[in-house]
Amino acid sequence: NLKNYSSPSGKTTKHRRRVVCVDIPLLFEGGLPMRLLFGTIIVVACKPDLQLERLHKRNPDLTLEQCRQRIASQIPVEK
């Protein structure tokens, strides 16, 4: 049972739509074919210092420098 939701125009609607959420960390690095699989893409980002902290906490075997290198190898959020 879908609840009412507000569309980008602000109007409330009851249209039934199937929504699938996927978490793909390297979606953009995968190139255009990967991005074409999805109609809407939402990017969730955080500040660089928090990104570094989270990465290091998840991977305590990596040094901070290795974490910085890993982050630097990714496409910047601004792009």
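Does M34 count as buried, exposed or partly exposed, and at what relative accessibility? M34 counts as partly exposed because its relative accessibility is 31%, where buried means under 20% relative accessible area, exposed over 50% and partly exposed in between (1.4 Å probe, protein chains only).

This is a predicted model, in which local features need pLDDT of at least 70, side-chain atom pairs count only at pLDDT 80 or more, and totals for chains, interfaces and linings use all residues. Residues are numbered from 1 along each chain as its sequence is written, and side-chain values use heavy atoms, with hydrogens and water left out.

The chain contains 3 helices and 2 strands, arranged along the sequence as β-β-α-α-α; helices (H or I, at least four residues) and strands (E, at least two) are DSSP runs, numbered from the N terminus. M34 belongs to helix α1, which spans residues 32–35.

Of the 79 residues of the chain, 10% count as buried.

| Residue | Relative accessibility | Class |
|---|---|---|
| C21 | 71% | exposed |
| M34 | 31% | partly exposed |
| C67 | 0% | buried |

A search of the whole structure finds 0 disulfides, a disulfide being a pair of cysteine sulfur atoms within 2.5 Å.
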